[in-house]
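Let's take a walk through this protein chain together. Have the structure open and follow along as we go.

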Amino acid sequence: MIRTRSLAVDGSRFRRLAPLAFPTAWGAVAVAWKFGCPLARQPGLPARIATSLVFLTVGAGLVLGISRGLVRELARVRAVADAAQRVLLRPPPARLDGLTLAAGQLSATRGAVVGGDLYEAVATPYGVRIVIGDVRGHGLGALGAVVALLGSFREAAHDEPELAGVLRRLERALRRHLRERAREEHPSRAGSEPEHPVAEEFVTLLLLEVRADGRLAVLNCGHPAPYRLGRRVDRLPVGEPLPPLGAFPLPDALVPYSAPRLLPGETLVLHTDGAEEARDRRGRFFSLDEELGRSSREAPAALVRRVQAALLRHTGGRLTDDVALLAVRNDRVRVPAQPAEPGLRRPRPAPSPHC
């Protein structure tokens with residue numbers, strides 16, 4: 001086993017150094033020619049030009065070899081980073097308990113796949129539960145809170161029979177993360193609780209439960225309400241908003257808001273505020289509702305792609321905040337009531353013996 005690992009290490013080193021082999025060999029030949037060939041030591045101009053060209057070629061070869069190696073190494077690092085980020089914010093399944101889903105994210109940080117936005121959807125015995133959230137700030141600095149909230153949601157969504165219990169689990173997970181972050185930022189206070197562990201970070205969040213009959217239960221912590229795409233495009237009512245997680249403690253009583261049913265064929269589009277606050281060069285906001293109106297009959301995956309493309313066109317590719325989109329369409333089939341066949345009568349219930 002040790003020998004195999006050493007061979008693998010030697011092989012990787014050889015691959016990294018392979019681009020430099022030819023320039024190095026050419027450089028050795030050039031040095032030997034310079035100091036060993038009488039023609040190269042002649043004082044004439046042609047000899048000097050030839051020597052300069054030889055060494056210029058060697059220098060260019062070395063630079064190209066090093067740059068090619070760096071480009072390959074950067075490509076490998078990006079591939080690993082992309083894989084890690086996509087595991088963290090994995091795309092939802094295309095089908096989930098009769099619902100069709102699609103999601104996408106645009107990060108304001110160049111080169112990053114994920115940022116301060118989060119989303120997840122899971123099928124549970126209580127219905128399909130969905131979360132979308134936006135951590136204060138954007139980019140890679142908010143990933144710690146995203147990890148804490150997604151990890152907690154993926155467990156609590158299955159364990160908690162009530163949606164309120166899921167939200168309280170998320171609040172506790174965020175508070176733990178903020179306390180640990182405060183200790184890291186203030187190591188002199190190790191062993192003692194920070195005075196204000198949640199003063200620097202909060203999360204707007206929306207919890208949604210889609211039950212088997214299309215009924216919707218919603219808990220909204222200061223997050224933008226989703227859009228419903230049916231005969232028209234309108235906002236889904238989500239009730240009185242709760243404070244963002246981390247800003248203030250949740251109230252003692254948490255009662256989910258009962259929103260109108262999601263009928264078969266209708267689509268919900270959940271989003272973060274970066275989608276509506278994106279501006280163009282003239283300072284005009286992106287009209288998300290108008291774009292959804294043009295895309296209302298498309299499948300969720302095509303809808304998300306179209307909105308993302310429209311956002312990038314509107315901003316010229318210069319996003320100032322992360323943008324997350326999650327589209328959920330109800331593709332459950334409503335079975336109509338079957339009429340009785342002609343000539344058949346439904347049997348009457350037997351009379352009660354007490355009548």
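## Around Leu-245

Start at Leu-245. Leaving aside residues up to four places away in sequence, Leu-245 touches Leu-149, Leu-167, Leu-170, Glu-171, Leu-174, Phe-202, Val-203, Leu-205, Cys-221 and Leu-250. Keep in mind that you're looking at a predicted model.

## The nonpolar cores

Where does Leu-245 belong? It sits in the largest nonpolar core, a group of 29 residues, and is among those with the most contacts inside it, along with Phe-153, Leu-167, Leu-170, Leu-205 and Leu-207.

In soluble globular proteins, nonpolar side chains tend to be buried together.

## The largest pocket

The largest pocket has a volume of about 320 Å³. It is lined by 15 residues, and Leu-229, Gly-230, Arg-231, Arg-232 and Glu-266 are the closest to its centre. What classes of residue make up the lining? There are 8 charged, 4 polar and 3 nonpolar ones.

## The whole chain

Zoom out, and you can find 8 helices and 11 strands. The chain has 355 residues, and 39% of them count as buried. Take the contacts between residues at least 6 apart in sequence: 68% of those join residues at least 24 apart.

How values were computed:
Residues are numbered from 1 along each chain as its sequence is written. This is a predicted model: local features need pLDDT of at least 70, side-chain atom pairs count only at pLDDT 80 or more; totals for chains, interfaces and linings use all residues. Side-chain values use heavy atoms; hydrogens and water are left out. On a 1 Å grid over the protein atoms alone, a cavity is a set of points where a 1.4 Å probe fits but cannot get out, and a pocket is an open set with protein on both sides within 12 Å along at least five of seven lines; lining residues have an atom within 4 Å of a point. Grid points are joined across faces, edges and corners, and a volume is the space filled by probe spheres set on the points. Ala, Val, Leu, Ile, Met, Phe, Trp, Tyr, Cys and Pro count as nonpolar, Asp, Glu, Lys and Arg as charged, and the others, Gly among them, as polar. A nonpolar core is a set of buried Ala, Val, Leu, Ile, Met, Phe, Trp, Tyr and Cys residues joined through side-chain atoms within 4.5 Å. Buried means under 20% relative accessible area, exposed over 50%, partly exposed in between (1.4 Å probe, protein chains only). Contact means heavy atoms within 4.5 Å. Helices (H or I, at least four residues) and strands (E, at least two) are DSSP runs, numbered from the N terminus.
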